[in-house]
Amino acid sequence: MGVSGSGKSHVGRLLARRLGADFIDGDDHHSAANVAKMARGIPLTDDDRRGWLDTLAGRFADYRRRDASVVIACSALKARYRGRLRRGDPELRILYLGGERALLRERLGSRRGHFFKGDAMLASQLADLEPPGPDEARVANIAESPEAIVEAFVAALGQG
């Protein structure tokens, strides 16, 4: 989890590969209306995110029922969003990718072809962000290499 530009998709793919799990990019499950809104530079509201979070919680529940592993990249900015995701799997383990605004802006500036647009949207996500504490998530600094972040998280999961 983390704001746009934190590396959720890249780290998530590496983590899934390392764990032998499936990977799902939460961005692929936004409604067409949400994608269009973000493409216009308009931040999403809690109401906009509700159905999206329920869809992802359903994915977690499906994998749990099948006793299969999945890594899902999702912003999960607020504690209540993470709670909503945990409805799908109460044992959900979260990796929070946090970092400095300047690094996030740099990364977003180098992106091409992504619907997330504008500094105003990053500012909105940072304003909405309720960083999880160590009791809720494993915290990683995005200044570290993605590989180092993955290895530290795998070790924290006790699977290293």
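The model is predicted: local features need pLDDT of at least 70, side-chain atom pairs count only at pLDDT 80 or more, and totals for chains, interfaces and linings use all residues. Residues are numbered from 1 along each chain as its sequence is written, and side-chain values use heavy atoms, with hydrogens and water left out.

**Exercise 1. Describe the overall fold and dimensions of the protein.**

Step 1. Helices (H or I, at least four residues) and strands (E, at least two) are DSSP runs, numbered from the N terminus. The protein contains seven helices and four strands, and their order along the sequence is α-β-α-α-β-α-β-α-α-β-α.

Step 2. The C-alpha trace spans about 40 × 30 × 30 Å along its principal axes. The radius of gyration is taken over C-alpha atoms, and the globule rule is 2.2 Å times the number of residues to the power 0.38. For 160 residues a compact globule would have a value near 15 Å, and the protein agrees with this because its radius of gyration is 15 Å.

Step 3. Buried means under 20% relative accessible area, exposed over 50%, and partly exposed in between (1.4 Å probe, protein chains only). Of the 160 residues, 43% are buried.

Step 4. Contact means heavy atoms within 4.5 Å. Among contacts with a separation of 6 or more, 76% join residues 24 or more positions apart.

**Exercise 2. Identify the elements that build the largest nonpolar core.**

Step 1. A nonpolar core is a set of buried Ala, Val, Leu, Ile, Met, Phe, Trp, Tyr and Cys residues joined through side-chain atoms within 4.5 Å. The largest one has 38 residues, and those with the most contacts inside it are Ile72, Cys74, Leu85, Leu95 and Leu97.

Step 2. At least two core residues are supplied by each of α1 (8-19), α3 (46-65), β2 (70-73), α4 (79-86), β3 (95-98), α5 (101-109) and α7 (146-156). Helix α3 gives the most, with five residues.

Step 3. Leaving aside neighbours within four places in sequence, Leu95 is in contact with Met1, Val11, Arg138, Ala140, Ile149 and Phe153.

**Exercise 3. Characterise Tyr96.**

Step 1. Tyr96 is found in strand β3 and counts as buried because its relative accessibility is 10%.

Step 2. The C-alpha atoms of Tyr96 and Met1 are 4.8 Å apart, although 95 residues separate them along the chain.

Step 3. With neighbours within four places set aside, the contacts of Tyr96 are Met1, Gly2, Leu129, Pro131, Pro132, Ala137, Arg138, Val139 and Ala140.

**Exercise 4. Compare the two residues with positive phi, Asp67 and Ala76.**

Step 1. Most residues other than glycine have a negative phi. Asp67 has a positive phi of about 55 degrees, and Ala76 has a positive phi near 45 degrees.

Step 2. Asp67 lies in the loop between α3 and β2, whereas Ala76 lies in the loop between β2 and α4.

Step 3. Asp67 counts as exposed because its relative accessibility is 72%, whereas Ala76, at 3%, counts as buried.

**Exercise 5. Locate Ala68.**

Step 1. Ala68 occupies the loop between α3 and β2 and, at 32% relative accessibility, counts as partly exposed.

Step 2. Ala68 and Ala21 are 47 residues apart along the chain, and their C-alpha atoms are separated by 7.6 Å.
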